[in-house]
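Have the structure open as you read.

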Amino acid sequence: MMELAKTNILDYVRGLSAEEAFMLEAKMVGYKKLPVDIETFVKDDYYLGKTFNGQIYEYWMEVLKDIFPDPIHVRYPYVILTGPIGGGKSTVTKIMALYLLHRLDCLDNFNYFGVAITKTLDWIFFHTSASKAQTDLIDSCWNIYGNSPYFQDEFTWDSGLYQFVADSTRTNNSIG
């Protein structure tokens, strides 16, 4: 009996189109709704488009699409951005932080990941000093957040669940 059920499920999954299989995977992972893709998130006025006028350096858009190949997967568990002053690293960092908030907002729960939320989920922003991380990254994230219809209308910041934390490379306050 178990083998028959397993065969029927496999046959069902094999018969799905790529889009249907992707939607099934999203549902199985726990998404109540599918997040938008990274390009839509950056360019659409409902998300971040009003802040960026639908544009960031094309190089960084390609990097973001590489990091986030679709709305539910992440290609790299860690990302290190390098480049010259004014090259867009901080901008991309803020986009990634807000995009991850959007993706978490679309989850129904964290059960699939085996995560028990017993304290806040922290986004830790490192800079040369904690005050620099606060002004250059976190305060700027809040400005972008405030300019987004999505974050103003649909997303509810839950300070008991999410937190932006400023730290510097010279401390270990955020480890753990």
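K65 and E62 sit three residues apart in helix 5, about one turn of the helix. Their side chains form a salt bridge, with the closest N and O atoms 3.2 Å apart. Please keep in mind that this is a predicted model.

E62 is partly exposed, at 40% relative accessibility. K65 is partly exposed too, with a relative accessible area of 28%.

## Reaching across to helix 3

K65 has another partner: it forms a salt bridge with E39, where the closest N and O atoms are 3.5 Å apart. E39 belongs to helix 3 (residues 38–43) and K65 to helix 5, so this pair ties together parts that are 26 residues apart in sequence. E39 is partly exposed, its relative accessible area being 26%.

## Elsewhere: helix 7

The whole structure holds six salt bridges. One of them joins the side chains of K132 and D136, at 2.9 Å from N to O. These two residues are four apart in helix 7 (residues 130–146), about one helical turn. K132 is partly exposed at 34%, and D136 is partly exposed at 29%.

## How helix 5 meets helix 6

The axes of helix 5 (residues 58–67) and helix 6 (residues 89–105) come within 11 Å and cross at roughly 35°. The crossing is right-handed. Helix 5 contributes W60, L64 and I67 to the contact, while helix 6 contributes K89, V92, I95 and M96. By class, that makes six nonpolar residues, one charged and no polar.

Methods:
Residues are numbered from 1 along each chain as its sequence is written. This is a predicted model: local features need pLDDT of at least 70, side-chain atom pairs count only at pLDDT 80 or more; totals for chains, interfaces and linings use all residues. Side-chain values use heavy atoms; hydrogens and water are left out. Axes are lines fitted to C-alpha atoms, for helices over the stretch in contact, and angles run from 0 to 180 degrees between N-to-C directions. A crossing is left-handed if the near helix is turned anticlockwise from the far one by less than a right angle, and right-handed if clockwise. Contact means heavy atoms within 4.5 Å. Ala, Val, Leu, Ile, Met, Phe, Trp, Tyr, Cys and Pro count as nonpolar, Asp, Glu, Lys and Arg as charged, and the others, Gly among them, as polar. A salt bridge is a side-chain nitrogen of Lys or Arg within 4 Å of a carboxyl oxygen of Asp or Glu. Buried means under 20% relative accessible area, exposed over 50%, partly exposed in between (1.4 Å probe, protein chains only).
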